[in-house]
Amino acid sequence: MKKKVKVRIQGDEKDVERLREILLKRCPELILANPRRGSSPRYQGRQKYASYGDFQFNTKRKRRSKK
């Protein structure tokens, strides 16, 4: 079984989306979901955006096409 490393990018919406696009272009081993806004009531009014995914060593990953 090939090892995977979990990845999370966190910050404001524009920065997360920009970094996500850069990383996906440069790393075919990486899959990252679209950014989503946090939902913890503890941070109400101060929510950050996050994009979650994983990196699998030595494997080109298949990504879903954009709609």
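Me: Among contacts between residues at least 6 apart in sequence, what share join residues at least 24 apart?
Reply: In this protein the share is 58%. Keep in mind that the model is predicted.

Me: OK. How many helices and strands are there?
Reply: The protein has one helix and four strands. Along the sequence they come in the pattern β-α-β-β-β.

Me: What box do the C-alpha atoms fill?
Reply: Roughly 40 × 25 × 20 Å, with the box taken along the principal axes.

Me: And what percentage of the residues count as buried?
Reply: The figure is 24%, out of 67 residues.

Me: Which residues make up the largest nonpolar core?
Reply: Six residues do: Ile9, Val16, Leu24, Leu30, Leu32 and Tyr49.

Me: Which elements give two or more residues to that core?
Reply: Helix 1, residues 13-26, and strand 2, residues 30-32.

Me: Take Val16. What is it in contact with, leaving aside neighbours within four places in sequence?
Reply: Val16 is in contact with Ile9, Gln10, Gly11, Pro35, Tyr49, Ala50 and Ser51.

Me: How do the lining residues divide into nonpolar, polar and charged?
Reply: Four are nonpolar, five are polar and five are charged.

Me: New topic: how many aromatic pairs does a search of the whole structure find?
Reply: The search finds one. That pair is formed by Phe55 and Phe57.

Me: How are the two rings placed?
Reply: They are edge-to-face, with 5.2 Å from centre to centre and 75° between the planes.

Me: Why does that angle make Phe55 and Phe57 edge-to-face?
Reply: Because planes over 60 degrees apart count as edge-to-face, and the planes of Phe55 and Phe57 are at 75°.

Me: And why does Phe57 count as partly exposed?
Reply: Because its relative accessibility is 43%, and partly exposed covers what falls between under 20% for buried and over 50% for exposed.

Methods: Residues are numbered from 1 along each chain as its sequence is written. This is a predicted model: local features need pLDDT of at least 70, side-chain atom pairs count only at pLDDT 80 or more; totals for chains, interfaces and linings use all residues. Side-chain values use heavy atoms; hydrogens and water are left out. A nonpolar core is a set of buried Ala, Val, Leu, Ile, Met, Phe, Trp, Tyr and Cys residues joined through side-chain atoms within 4.5 Å. Buried means under 20% relative accessible area, exposed over 50%, partly exposed in between (1.4 Å probe, protein chains only). Contact means heavy atoms within 4.5 Å. Ala, Val, Leu, Ile, Met, Phe, Trp, Tyr, Cys and Pro count as nonpolar, Asp, Glu, Lys and Arg as charged, and the others, Gly among them, as polar. Rings of Phe, Tyr and Trp (its six-membered ring) pair if their centres lie within 6.5 Å; planes under 30 degrees apart count as stacked, over 60 as edge-to-face and the rest as tilted.
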